[in-house]
Amino acid sequence: ITVNRPEGFEDSEFSSEHQVAFQKVGEGGAGSTQISLRLMAEDENSVMTTAQQEVEYLLSANSEGTGVVEEVQSQPAGSREWSYFTYSLDDAEGIRSWTPLSNGCVVSCTVENLGTGLEPMNVEGMLQILDGSIQE
């Protein structure tokens, strides 16, 4: 499995052996869109539970106590069926998504807009970007 850098994004220092990360800095440098992709050996339900727990932690750590998490949905993008949910905090919005691969693993993706001056998240467009970045 190969993950290609999405057009318009730069490699991020947060990549590791198990995770590939990219970022795009917004105009004026006040915010950035961050993408992280991880290959998971767990089943889809475990990946979903982990993503939900991570976002619950972010919400509980949010000093204002405000935030919204949407329900899990599914949508085709490219050659795959993606499951995802969106969330928003005071200074961030994000998408957690995952899709099974032909080798039995699941790729788990986090996309977050952090800061100000960024285009609002477009789930359909972002799933197309993610799908196009993964080569099996």
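Predicted model: local features only at pLDDT ≥ 70, side-chain atom pairs only at ≥ 80, totals over all residues.
Is cysteine 105 buried or exposed, and what is its relative accessible area?

View 1. Cysteine 105 has a relative accessible area of 17%. This residue is therefore buried, because buried means under 20% relative accessible area.

**View 2. Cysteine 105 and cysteine 109.** For cysteine 105, the closest cysteine sulfur is that of cysteine 109, at 13 Å. The two sulfur atoms are too far apart for a bond, because a disulfide requires cysteine sulfur atoms within 2.5 Å. Cysteine 109 counts as buried, with a relative accessibility of 0%. The count of disulfides comes to 0.

**View 3. Serine 36 in strand β4.** Strand β4 covers residues 31–40 and contains serine 36. The relative accessibility of serine 36 is 14%, so this residue counts as buried. Alanine 51 lies 15 residues from serine 36 in sequence; in space, the C-alpha atoms of the two residues are 12 Å apart.

**View 4. Contacts of serine 36.** Leaving aside residues up to four places away in sequence, serine 36 touches Gln19, Val20 and Ala21, as well as Ser108, Cys109 and Thr110. Cysteine 109, buried at 0% relative accessibility, is thus one of the residues that serine 36 touches. With glutamine 19, the side chain of serine 36 also forms a polar contact of 3.3 Å.

Definitions and conventions
Residues numbered from 1 in each chain as written. Heavy atoms only, no water. Helix = DSSP H or I, 4+ residues; strand = E, 2+ residues; numbered from the N terminus. Buried < 20%, exposed > 50% of the residue type's maximum accessible area, 1.4 Å probe, protein only. Contact = heavy atoms within 4.5 Å. Polar contact = N/O pair within 3.5 Å; in protein donor to acceptor, adjacent residues only side chain to side chain.
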